[in-house]
Amino acid sequence: MAVDSSAERVLAGLDPEQRAAVTAPAGPVCILAGAGTGKTRAITHRIAHRALTGEIAARHVLAVTFTARAAAEMRARLTALGVGGVQARTFHAAALRQVRYFAPRLLEGRPMPELLDSKVRLVTLAAARSGLRTDRAAARDLAGEIEWAKSSLVEPAEYVVAAAKALRETPHDPARVAEVFAAYEQVKRANGVIDFEDMLRAAVWGIEEHPDVGEQVRAQYRHFVVDEYQDVNPLQQRLLDAWLGGRDDLTVVGDASQTIYSFTGATSAYLVDFPRRRRDAVVVRLVRDYRSTPQVVGLANAVIRQARGTEAQLRLELVGQRSPGPEPDLRIFPDEPAEAAAVAARCRQLIASGTPAREIAVLFRTNAQSEAYEKALAEAEVPYLVQGAERFFERTEVRQAMIALRSAVRSTPAETPLVEAVVDALSAVGWAREQPPPGGAARERWEALAALVQLAEEYARTPNLLPIGDAAAATARSGLASPAVASDPVGWVERAVSLADFCTELQRRATQQHVPTVDGVTLASLHSAKGLEWDAVFLVGLADGTLPTTYAKTVEQVEEERRLLYVGVTRAREWLWLSYASARSPGGRPRRPSRFLPQLDRSGGERAASPTGAVAGRKPDPRRNRVISCRICGATLLAGVDRKLGRCSDCPSDLDDELYARLLDWRSRVARAQKVPAYVVFTDATLTALAERRPGAVDGLLAIAGIGPRKLGLYGEAVLALVGGATVDELGPEKTSTIEP
């Protein structure tokens, strides 16, 4: 009965689609999960529900993610659901664990080779051996190309043909790259080391070529979950197939519209083909977006709706679940410095009005765009951090702080609350809780140590559960160890976390490079923003040539650039800014806005704005560059008539028929008096918008496309009177025979 009750609690609060994913029967399950639709919730609740109902044993589950952070979050959620013992790891961490465990058997007693943390040094040596001089940047490019080849199961002798088929833009002539690739493999063997791809291959080899190893691994891992399945590469899929060994208890979750890493060898083909390859697969679509406002969701749908190609087959139309929020801002600036200055000023305003700096992000296509925004934010005295720059735990001040924390363990009473103990220990390295010092390195140092305090606060709120029972203690000590450890905990006990516990947690995070959020505006590339979210997001530099980049030559590459913008839009919870500069520098060559941005209807109605924001022969109208969302469903409105109505043409109308009839009568009289066609006064669409939206003030009139200052002066008073309930006869002849001056 307790198990049934726990299982029912796991199902509580799920929407119908999430519930379908959680309760799907054993076997192949494909969860197509749009951004913000609760995919982690769905897969963790699926694991927990199956474990709590007795369908599976938690220790037999292997959940694979792409980041240590995602794996840690999954483990934490499962623990909160009352399910411990599930192995949630990255592909590399799971493979490394297995290779290390089986190394004595596979290597016949020889020690396991050292694992390279970077290819660059050996690639430099290999290039020199091949007669190719390289600097560090060139060596990184060659290392990336070798990594793509190995992840794609391409050998050095096959590289030239494979690169041509994949339309790779190689850093050197493909034949030279192949030479460096072959030399790299030789240098690596001579140094007795392996890289990450070798380690994945070793795990595959151990399972496929050693039946006893394969049998033991498959006895331990019987149920598999793969997150971000659109990002797997051929080598990772080969390892997954080896783990499965022909079995089909596999749940995959992904979103083809977020496929943005194909340059590394990742492919959405396995996600797209999943139902075809596994005929009995259950497919569930999660489309309810709980992250973003309907306005942001509508814009995201508008961006991805134009997608073409293989990934578009699985395109999801998201449905916003939050309350309405502000319309996205679409801004145009004369040059990049002006754009950066405006972004910095708006960030400062948001922070002053109560938005935490850590909940704001500025996202761009390439890291080279960062400098202008770093400079502008520094001048505006807005704290910031660069995502993906120097690793948090490698910073000098953080390493010193961790030494201070470890030293304080011996002198800190056990009963001291964790956060108090951390603050006291950090005072030894000169940190205090006061406001951070003014800009520059001092502020960055303060923010980094403040992030450690924030981590302590979060860690102190996490239940510290210890297993009761000898078998469970052995399992806890061994972690992911021998598949022979099969006992379940018989119970759990909670105790307060100590400073020593926190130091251990920091060391674990340092090993996994789990970076906490520093309290500053985040500057990040669109690629590095994947998987993150903020209250306010600035998408900047959205000009053709930057997004899509000029290096996107093929249709497939251009479509991946579109998906990058989609990923960027879906990072925003509430407030979204999109901008581009008409020129890179003052007086520079004009640029066009990104082709992926919502455009005004070019076939009629409102004309599209030029890159400078002006229509030929007219002064710029800021309303023409504003993103307008449907007031009914939240979708971004692109057509001129829809923008005028403020709703999609197929959304239900709330037209006031009686008001519309009075407006038609009034327009007819005015047109006759002026001896002009009726549409010159107001178009039918404008009258419909007035009868639907029923504005009660001047601001409401001006919000309707087609009513500008001139027509407001001519007809505003009469229209407001009609909306207020007046009849046409009550207006008097002066308001029904208006003659233009």
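Which residues form one aromatic cluster here? They are Phe-66, Phe-91, Phe-224 and Trp-243. Keep in mind that this is a predicted model. Below is a quick tour of an open sheet and some of the aromatic pairs.

**The open sheet**

- Six strands make up an open sheet with parallel pairing, and their order is β3-β2-β6-β7-β1-β8.
- At the edges you'll find β3 (87-90) and β8 (282-286); each has a single partner strand, so one side of each has no neighbour in the sheet.
- On average, neighbouring strands in this sheet are turned by 15° against each other, if you ignore direction.
- Take β6 (residues 223-226) and β7 (residues 250-254): these two pair in the parallel sense over three bridges.
- Val-225 has Thr-251 in β7 as its bridge partner.
- Helix α2 (residues 16-23) lies across β1 (29-33) and β8, and it runs at about 150° to β8.

**Aromatic pairs**

- The count of aromatic pairs comes to 14.
- One of them is the tilted pair of Tyr-261 and Phe-263, at 6.3 Å centre to centre with 55° between the planes.
- Tyr-261 has a relative accessible area of 22%, so it counts as partly exposed.
- Phe-263 is partly exposed too, at 45% relative accessibility.
- Phe-333 and Trp-577 form a stacked pair, with 6.0 Å centre to centre and 15° between the planes.
- Phe-333 sits in strand β11 (residues 329-333) and Trp-577 in strand β18 (residues 572-581), so this pair ties together parts 244 residues apart in sequence.
- Both Phe-333 and Trp-577 are buried.

Definitions and conventions. Residues numbered from 1 in each chain as written. Predicted model: local features only at pLDDT ≥ 70, side-chain atom pairs only at ≥ 80, totals over all residues. Heavy atoms only, no water. Pairing = 2+ DSSP bridges. Helix = DSSP H or I, 4+ residues; strand = E, 2+ residues; numbered from the N terminus. Axes fitted to C-alpha atoms, helices over the stretch in contact; angles between N-to-C directions. Contact = heavy atoms within 4.5 Å. Phe/Tyr/Trp six-rings, centres within 6.5 Å; stacked < 30°, edge-to-face > 60°. Buried < 20%, exposed > 50% of the residue type's maximum accessible area, 1.4 Å probe, protein only.
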